[in-house]
Amino acid sequence: MESQQEESAAAAAALDMIKVLEITSESHKGTKESSDDRSEVASGKQTTDWVTDLDEVEEILHYKFKSKKLLEEALTHASFSDQCFSYERLEYVGDSVLNLLFTKEQYFLYPDLPPGPLTRLRSANVDTEKLARVAIKHKLHRYLRHKMPLLEEQIREFSQAILDYPLHSNGLVETPKALADIVEAAIGAVFIDSNFSIDVVWKIFKDLLEPIISQETLKVHPVTELYEVCQKRNLQVKFVDLWKESMAFDVFIDGQFVGRGSHGLKKEIAHNRAARNALNNIGKILSEKDCSH
């Protein structure tokens with residue numbers, strides 16, 4: 001049953017890719033907007049500086065756009081302009097292209113790996129945090145045009161938080177979605193500008209996406225890991241939801257308190273942090289149980 005569901009999901013992804021090709025082809029033909037009407041960026045720089053910024057992004061990507069309007073669109077958040085001009089459509093395209101690229105790459109890289117593990121491996125490489133790290137590493141966020149007052153501080157906090165997790169936090173830090181969006185939008189822009197060539201896109205972005213998470217470096221999600229550890233030991237896990245009272249979760253194993261996690265904005269992160277804290281403390285609990293036996 002799981003295999004049939006995964007095959008159905010793969011077929012759906014292929015159909016989505018066909019739709020993307022059709023939509024982007026029409027969009028590329030029909031778009032007539034000019035960048036001349038947008039004379040300022042969010043930082044207050046004039047058009048001449050913005051042209052320089054686009055040149056710098058091309059240097060980061062090692063790709064020269066035939067249509068720089070696509071790159072401009074990929075770096076423009078919806079908050080920046082009242083006009084219907086933002087990276088959202090290119091992000092949609094880039095998301096589909098990126099999933100297809102990793103599907104193709106991993107299919108040949110891991111010829112004996114079943115669809116389930118392949119899906120988890122692909123997901124780890126295309127999720128929001130992983131792509132946001134790409135934006136920070138290559139400083140693409142510096143070129144994002146937006147009018148979101150809190151974004152700069154969120155980016156600073158994210159940049160600091162990921163220092164504790166060199167590859168991936170597995171849901172323990174809050175990630176500004178706009179960072180991942182501009183990476184996907186840039187992928188979409190290159191895809192369209194290169195006449196829909198996935199080979200060109202992969203050649204450009206493969207190195208930018210490094211370090212790519214492999215089967216050896218893929219980590220188990222803390223909540224999943226906690227349940228697996230306890231299941232092997234025949235231990236009962238209980239999460240106590242304290243979100244409404246203190247934006248936190250407590251974790252009990254066989255009735256004994258083993259960890260707590262909190263987060264001021266996202267319940268899911270608090271839940272994940274509670275699981276990680278419990279895993280950090282569970283060694284002592286297991287040792288005590290082994291001694292008692």
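This is a predicted model: local features need pLDDT of at least 70, side-chain atom pairs count only at pLDDT 80 or more; totals for chains, interfaces and linings use all residues.

Q: Is S86 buried or exposed?
A: S86 is buried, because its relative accessible area is 13% and buried means under 20%.

Q: And which residues does S86 touch, not counting those up to four places away in sequence?
A: S86 touches E73, T76, H77 and A78.

Q: OK, on to another loop residue. What is the place of P211?
A: P211 is in the loop between α9 (198-208) and α10 (222-232).

Q: What is P211 in contact with, leaving aside neighbours within four places in sequence?
A: P211 is in contact with K130, K137 and L167.

Q: Nice. Switching to the sheet: what is the order of its strands?
A: The order is β1-β2-β3, in an open sheet of three strands with antiparallel pairing. The edge strands, each pairing on one side only, are β1 (237-241) and β3 (256-262). From one strand to the next, the twist averages 25°.

Q: How many bridges join β2 to β3?
A: Six bridges join β2 (residues 248-253) to β3, and the two run antiparallel. V251, for instance, has G259 in β3 as its bridge partner.

Q: Which helix packs on the sheet?
A: That's α10, which touches β1 and β2. The direction of α10 makes about 140° with that of β1.

Q: Let's talk pockets. What is the volume of the largest pocket?
A: The largest pocket has a volume of about 860 Å³.

Q: How many residues line the largest pocket, and which lie nearest its centre?
A: There are 32 lining residues, and D127, H168, N170, G171 and H221 lie nearest the centre.

Q: Which elements give two or more residues to that lining?
A: Those are α5 (115-126), α6 (128-137), α10 and α12 (267-292). The largest share, four residues, comes from α12.

Q: Last one: how do the lining residues divide into nonpolar, polar and charged?
A: The lining of the largest pocket has ten nonpolar, eleven polar and eleven charged residues.

Definitions and conventions
Residues are numbered from 1 along each chain as its sequence is written. Side-chain values use heavy atoms; hydrogens and water are left out. Contact means heavy atoms within 4.5 Å. Two strands pair if DSSP finds at least two bridges between them. Axes are lines fitted to C-alpha atoms, for helices over the stretch in contact, and angles run from 0 to 180 degrees between N-to-C directions. On a 1 Å grid over the protein atoms alone, a cavity is a set of points where a 1.4 Å probe fits but cannot get out, and a pocket is an open set with protein on both sides within 12 Å along at least five of seven lines; lining residues have an atom within 4 Å of a point. Grid points are joined across faces, edges and corners, and a volume is the space filled by probe spheres set on the points. Ala, Val, Leu, Ile, Met, Phe, Trp, Tyr, Cys and Pro count as nonpolar, Asp, Glu, Lys and Arg as charged, and the others, Gly among them, as polar. Buried means under 20% relative accessible area, exposed over 50%, partly exposed in between (1.4 Å probe, protein chains only).
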